[in-house]
Amino acid sequence: MIKIYSDDEIKLIKESGHITYMCHQHMKEFIKPGVTTKFLDDEAGRFITEQGGIPSCLNYEGFPRNICVSVNDEVVHGIGSDRQLEEGDIVTLDICTLYKGYHSDSAWSYPVGKVNKNKEHTLSYRKGPLYRLEGIKKWCSSWKLLSKNSTICGKT
């Protein structure tokens, strides 16, 4: 069964998503060589909490950290540790926020310092689906219409 959200619920979902987005923006300044993945985890957890949210990953099915931090070819859902980022790494932050009963989840990959051409290509390739979605959004009059169309496509 498909749940239809009220305007008030959609507002809360957007607020949750905004906290997640702002956390990603906040975290960019800390992504540099020498920083530990545990520090990134702690800082993201602190930021989410300060915004009135709760890190959704923490204790989800026993997950021990606030966010998922994966480096290079690690499979997603990496656990922050004393591992230090190195020049040329790619780090992926999967940030999930619970805000007033609504979850948001977003994973972005970032270069650590200067990366080689292969990693630059990987990062640009990962952005492709997002940009294609933005192109579709331009054809729609609103995100609500896009969401409705996505649901219809998902049923066929």
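**Figure 1. Order of secondary-structure elements in the predicted model.** From the N terminus on, the chain runs α-α-β-β-β-β-α-α, giving four helices and four strands. Helices (H or I, at least four residues) and strands (E, at least two) are DSSP runs, numbered from the N terminus. The model is predicted: local features need pLDDT of at least 70, side-chain atom pairs count only at pLDDT 80 or more, and totals for chains, interfaces and linings use all residues. Residues are numbered from 1 along each chain as its sequence is written, and side-chain values use heavy atoms, with hydrogens and water left out. Of the 156 residues in the chain, 35% are buried (under 20% relative accessible area; exposed is over 50% and partly exposed is in between, with a 1.4 Å probe and protein chains only). Among contacts between residues at least 6 apart in sequence, 56% join residues at least 24 apart; a contact means heavy atoms within 4.5 Å.

**Figure 2. Packing of helices H1 and H2.** Helix H1 (7–27) and helix H2 (residues 37–50) pack at an angle of about 135°, their axes lying 10 Å apart. Axes are lines fitted to C-alpha atoms, for helices over the stretch in contact, and angles run from 0 to 180 degrees between N-to-C directions. The two helices are therefore oblique to each other, given that angles under 35 degrees count as roughly parallel, over 145 as roughly antiparallel, 65 to 115 as roughly perpendicular and the rest as oblique. H1 contributes Ile19, Met22, Cys23, His26 and Met27 to the contact, and H2 contributes Leu40, Glu43, Ala44, Arg46, Phe47 and Ile48.

**Figure 3. Surroundings of Tyr5.** Tyr5 lies in the segment before helix H1. With a relative accessibility of 38%, Tyr5 is partly exposed. Residues up to four places away in sequence aside, Tyr5 touches Ile10, Ile13 and Tyr102.

Figure 4. Strands S2 (residues 68–71) and S3 run antiparallel and are joined by four bridges; two strands pair if DSSP finds at least two bridges between them. Val71 has Val91 as its bridge partner in S3. In a regular strand the side chains alternate between the two faces of the sheet. In S2, Cys68 and Ser70 point one way, Val69 and Val71 point the other way, and all are buried. Ten bridges connect S3 (residues 90–99) with S4 (residues 102–111), again in an antiparallel arrangement. Thr92 is paired with Ser109 of S4. S3 and S4 form a hairpin with two residues between them, and Lys100 in the turn has a positive phi of about 50°.

**Figure 5. Surroundings of Leu93.** Leu93 is situated in strand S3 and is buried, at 0% relative accessible area. Its contacts, neighbours within four places in sequence aside, are with His24, Met27, Ile31, Leu40, Ile67, Cys68, Val69, Ser106, Ala107, Trp108 and Tyr110. The C-alpha atoms of Leu93 and Val71 are 9.0 Å apart, with 22 residues separating the two along the chain.

Figure 6. The whole structure contains zero disulfides, a disulfide being a pair of cysteine sulfur atoms within 2.5 Å. Cys68 is in no disulfide, and its nearest cysteine sulfur, that of Cys57, is 4.0 Å away. Cys68 is buried at 4% relative accessibility. The sulfur of Cys96 is 3.5 Å from the closest cysteine sulfur, in Cys57, which is too far for a bond. Cys96 is also buried, with a relative accessible area of 9%.
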